[in-house]
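Hello,

Here is the structure we talked about passing on. My notes on it follow below.

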Amino acid sequence: MEKAYNHLEVEDKWYKEWESKGYFKPYGNGDPLSMVIPPPNVTGALHMGHALNNTLQDIVARFYRMQGRKVLWVPGTDHAGIATQNVVEKQLAKEGISREELGRESFLEKVWEWKEKYGNTITGQLRKLGASVDWSRERFTMDEGCSSAVKENFYRLYNDGLIYRDVYIVNWCPRCHTAISDIEVEHETKEGHLWTIKYPLVGGTGKEFIEVATTRPETMFGDTAVAVNQKDKRYTKWIGKKVLLPLMNKEIPIIADDHVDMSFGTGAVKVTPAHDPNDYAIGQRHNLESVIIMDGEAKMNDLVPKKYQGMDRYVCRKQVIEDLESQHFLTKTTPHEHAVGHCYRCNTVIEPYLSKQWFINMEKLADAPIKVVETGEIKFIPSRWEKLYFDWMKNIRPWCISRQIWWGHRIPVWYCDDCNAEIVSKEDVTKCSKCGSTKIHQDEDVLDTWFSSALWPFSTLGWPENTQDLQTFYPTEILITGYDIITFWVSRMITMGLYNMKQIPFSHVYIHGLVRDSKGRKMSKSLGNVVDPLMIIEDKGADVLRYTVASLVTSGGQDIKLMDEKLVSSRNFLNKLWNVSRYILMQETETDTRLGQTIADKWILGELCRVVEETENYYKNYDYNYMIDKIYEFVWGEFCDWYIEMSKLHKAESQATMIYVLNAILKILHPIIPFITEEIWQLVKTHPLCPKDEQSYPSIMLSKWPVVADVKFDNTPVKLFQNIVKAVRNTRAEINVPVSKKGLIVIKGKNAGLQEYVPYFKFLARANDVEFSEITPTVKYAFAVVGDVEVFLPLAGLIDLDAEKTRLDQEKNKLVKDVDILSKKLGNEGFVKNAPAAVVEKETALLEEKKFQLKAVSEKLQNL
């Protein structure tokens, strides 16, 4: 073994070996276990969220392979309709070309070219992370099989009356030029204004008017009524009358509707059915006209006064406010904080927009998905995330599935130009099935990206064909994902799995938190706090990154803070593992294969039995941070710091045990840190003292989970021994005993079983002898208390008592002087008042430190 571990040489070497040899494919006759990767966008690059999510999935895959399960982890990418089209459009814009100029077919050719060239970036990066997915089964949401599944799903839903086309208010993105669903809208609280506007009464004296309050005065051109609550006595006499719409001189009615909040603004609201979902509902109840006043780019159209036509909505807002004020219609402007919806892709403010779209009636599909979680057929881990799921499913709204873009699954609906028939087909249509006309055209829209992602657990296994993979691996066993897509994705996979397959798509949903920076902030380019996982992999290695993120995952699914010191700690642990392995493997090989020959051997085998059992349970329950703490404590603390040191007294007898324990350690660590464990294990398995059956496995990932003998060993004496050694070492350090000096240790109190540890005391506690006594020594001594035991170190021959006392007296006098000076300084009101706060804080901390040191020195003197 090289002196230092070099991840740059090891990681690429082993991943190529694993992939080329097909080790990621399901093998064996064990019970099947399958997972599907949450498909990253084809436009994406590996970020910390991907690193966390795929590390956790890979831990599951590698653990259960070693448990003998037939593991299939399916990889793939999402076509990301809006995002991918935006990328390609920007690229074309640099060349001075628009997609409209190219036309649909030519544009789609350009997108496919881009996908082939750049779309595999993230899959290469997942390889860097060590993801053991079966690349031979890699899927893409627009590949032939997934496209077939999408058409089948649409066809079934349509024929069952669950998909329909209707005019409705949708969330329109003026930048992406498409509708998006409710959960693709991100709401941000913004400081805005509430403008109060006078609407004059028609036929009145000219001094009568009703005041309405609005946050969006530019939409007033689409007003078709003013609404008040019929219980509001202020407006009872106004109901049924008409007012004049300012800036347009258009008459609109005053109506009564229970939807109106009497406490908001003036209690009277403008009704704009084409540009607000609540107003649309009012319009439907009162049969109001819906007037669309903007185009798809949120610019004012020709249904507004000419002066405002062509203006951007915000430019128009400014002009409308100026005109209302100059014409004395604006009575008040007040600050108003409210939630504003933004497109989750481009962050453009959403425009509520009346449009004809395709919808799924999710309410009719919701009962079964709710029931399978309520009954525990599908378990959320941790269970607290069920509330978010239920809140969404029990208040489900129609899902708008049509998007006004070109990249994606084109809606499989054709329209006859002669008889107006609507034809839904899984195959391309060339003539009308009703009148036989060839004058037909396909719907221009594509389906929401999530429509295809909702089918991912079974479309990736071959559905709608009844493939062998589908029969063997569906339903999948576990889905691992972040809480941010429970509504986007998890709920829809459960819904479509139950609808199409009549089975749940997975039995467990493990929800993890999001990765944030060391201060708990969301990572973003604007804050400059984005951490690139590939940089960590390059600098410290994939194993360090994997170990770090897994150790930070909590059982409660909280967000995690990524801290540099944690990465350093993880690297140190890997170095410790490398160094102890190197030490063991460099020993001269003995021929004695017997295990547990010494008391140290028996103790470490007992501890190994415990840690293997606990680790296995932690893996199965997804308690990764507890598991890593336990493994760290065992490997670094018990194995390296204690057992290896104790075994130096009897290297020949302990060598077989050392190799046996190291082999098991590598296996329980492999799912977390696969690269370094593979590198070391390849050397361990060929060691003459390693169990022979290990040599039959070509890779540690294909070997069996360690099954260790249940060694019954009372570890009470060894724990007491270790604590006494630590106490002796600390005491010797406190009184400055030279390392080379050995001395007597006297142990008083309950010491059952410690007699066997005398050789270890002599070696590890620098003792020339150990006495067990029931009386306190009469000579001068230093002492420590360990539980029910008192430990004495007679000082004769260890240190020069007079010289040590003189040294401590001098140190004490200096500390007394320092404390006096600092106390006087901080007692000076002028200093405290005039000095910078940081200086006062620093001096205060220094005083406390000096007081602590003075107390410690005084205690040492008293002990002497």
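Lys115 sits over the face of Phe140, 4.3 Å from the ring centre. A charge counts as over a ring if NZ of Lys or CZ of Arg is within 6 Å of the ring centre and within 35 degrees of the ring normal.

Please note that this is a predicted model, in which local features need pLDDT of at least 70 and side-chain atom pairs count only at pLDDT 80 or more, while totals for chains, interfaces and linings use all residues. Residues are numbered from 1 along each chain as its sequence is written, and side-chain values use heavy atoms, with hydrogens and water left out.

Aromatic pairs

There are 45 aromatic pairs in the structure. Rings of Phe, Tyr and Trp (its six-membered ring) pair if their centres lie within 6.5 Å; planes under 30 degrees apart count as stacked, over 60 as edge-to-face and the rest as tilted. One of the pairs is Phe107 with Trp406, edge-to-face at 5.8 Å centre to centre and 70° between the planes. Phe107 belongs to helix α5 (residues 104-118) and Trp406 to the loop between β17 (402-403) and β18, so this pair ties together parts 299 residues apart in sequence. Helices (H or I, at least four residues) and strands (E, at least two) are DSSP runs, numbered from the N terminus. Phe107 and Trp406 are both buried, where buried means under 20% relative accessible area, exposed over 50% and partly exposed in between (1.4 Å probe, protein chains only).

Phe721 and Phe761 are also edge-to-face, because their ring centres are 4.9 Å apart and their planes at 75°. Phe721 is in helix α23 and Phe761 in helix α24 (residues 758-764), so the pair joins parts 40 residues apart in sequence. Phe721 is buried at a relative accessible area of 0%, and Phe761 is buried, also at 0%.

Phe154, Tyr158, Trp358, Trp399 and Phe451 make up one aromatic cluster.

Sheets

An open sheet of 4 strands has the order β27-β26-β29-β28 and mixed pairing; two strands pair if DSSP finds at least two bridges between them. β27 (767-773) and β28 (781-786) are at the edges with a single partner strand each, so one side of each has no neighbour in the sheet. β26 (residues 743-749) and β29 (residues 789-794) pair in the antiparallel sense over 4 bridges, and Ile747 is opposite Val791 in β29.

Another open sheet has 3 strands in the order β19-β18-β20, with antiparallel pairing. In β20, His441 is the bridge partner of Tyr415.

Regards
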